[in-house]
Amino acid sequence: MKKFLIICSFLAIVSESFAQAEYHTPFRWDIGMHYARPKNYGFGLGIYTEPKYLVNDNLSVGLRLEGTVLGRLKVNASSDNGGSLGWVSSLLAISDYHIGEGHFRPTVGLGAGLYRPTAASYSQGENYPDIARGSKFGVSPRIGIDLWHFRFSADYNFIFGQRNLIDGQKIDLNQNHLTIKMGIFFGGGLRQE
């Protein structure tokens, strides 16, 4: 843990000397939580963290590490009741364009990288759920607002190639989802005059 803190401190000091950002500090770390809405139906919750480097005052690049739990429940009059519970973790390279120079800054961005969707599907009367998982490539367009050190954003996670084999049968457990995020960030604010 000490080595990690020393490396982070060193990177923060070095980034100060090479930064091109004139009005904002160059290193930024976002953390927060989000509500998720899967493509078809259901809901979910998750957490995320995003270390970023401001290349200039308007452009940041970094990584996003995120975990989301998605739940779907199917209830109807027939005996075909069931649902699924899933977990999607992701590691993406991200870039955001920040509009403006002040404390209120709209942002647009894009992320691309590796998603690891996992889902357990069950039907009424089954003793054990069917489980599907795998690593998939995906992209995430995003829009948001930075207000002082608070961040509000909406991302849509497109995960490609989600057909998985369960007991020899191909099924489609679609884990594409919209996330509405609320978080805070450390660093990346206006420099002191």
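This is a short chat about the predicted model shown above.

Me: What kind of model is this, and how are residues numbered?
Reply: This is a predicted model, where local features need pLDDT of at least 70 and side-chain atom pairs count only at pLDDT 80 or more, while totals for chains, interfaces and linings use all residues. Residues are numbered from 1 along each chain as its sequence is written, and side-chain values use heavy atoms, with hydrogens and water left out.

Me: How many helices and strands does the chain have?
Reply: One helix and eleven strands. Both are DSSP runs numbered from the N terminus: helices are H or I with at least four residues, strands are E with at least two.

Me: What order do they come in?
Reply: Along the sequence, the pattern is α-β-β-β-β-β-β-β-β-β-β-β.

Me: What share of the residues is buried?
Reply: 39% of the 193 residues. Buried means under 20% relative accessible area, exposed means over 50%, and partly exposed is in between (1.4 Å probe, protein chains only).

Me: And what about contacts across the sequence?
Reply: Take contacts between residues at least 6 apart in sequence: 60% of them join residues at least 24 apart. A contact means heavy atoms within 4.5 Å.

Me: Which residues does Y35 touch?
Reply: Leave aside neighbours within four places in sequence. Then Y35 is in contact with G42, F43, G44, L45, L178, T179 and I180. Y35 lies in strand β1 (residues 27-38). Y35 and T179 are 144 residues apart in sequence, but their C-alpha atoms are 5.6 Å apart in space.

Me: Is Y35 buried or partly exposed?
Reply: Partly exposed, at 38% relative accessibility.

Me: New topic. How many aromatic pairs are there?
Reply: Three aromatic pairs. Rings of Phe, Tyr and Trp (its six-membered ring) pair if their centres lie within 6.5 Å; planes under 30 degrees apart count as stacked, over 60 as edge-to-face and the rest as tilted.

Me: Why is the pair F137 and F160 called stacked?
Reply: Because the planes of F137 and F160 are at 15 degrees, with the ring centres 6.1 Å apart.

Me: Where do F137 and F160 lie?
Reply: F137 is in strand β7 (residues 136-147), and F160 is in the loop between β8 (150-159) and β9 (163-166), so the pair ties together parts that are 23 residues apart in sequence. F137 is partly exposed at 49% relative accessible area. F160 is partly exposed too, at 43%.

Me: What about Y156 and F158?
Reply: That aromatic pair is tilted, with 4.6 Å centre to centre and 55 degrees between the planes. Y156 counts as partly exposed at 23% relative accessibility. F158 does as well, at 35%.

Me: Which charged residue sits over the ring of F185?
Reply: R28, with its charged end 3.6 Å from the ring centre. K181 lies over the face of Y48, at 4.6 Å from the ring centre. The rule: NZ of Lys or CZ of Arg is within 6 Å of the ring centre and within 35 degrees of the ring normal.

Me: And how many salt bridges?
Reply: The count is 15 salt bridges. A salt bridge is a side-chain nitrogen of Lys or Arg within 4 Å of a carboxyl oxygen of Asp or Glu.

Me: Which partners does D30 have?
Reply: R28 is one of them, with the closest N and O atoms 2.8 Å apart. R151 is another, at 3.8 Å, N to O. D30 lies in strand β1 and R151 in strand β8, so that pair ties together parts that are 121 residues apart in sequence. D30 and R151 are buried, and R28 is buried as well.

Me: What about K52?
Reply: K52 forms a salt bridge with E50, at 3.2 Å between the closest N and O atoms. Both K52 and E50 are buried. Salt bridges that share partners join one network, whose members include D30, E50, K52 and R151.

Me: Last one. Which elements give two or more residues to the nonpolar patch?
Reply: β7, β8 and β11 (177-187). β11 gives the most, with three residues.
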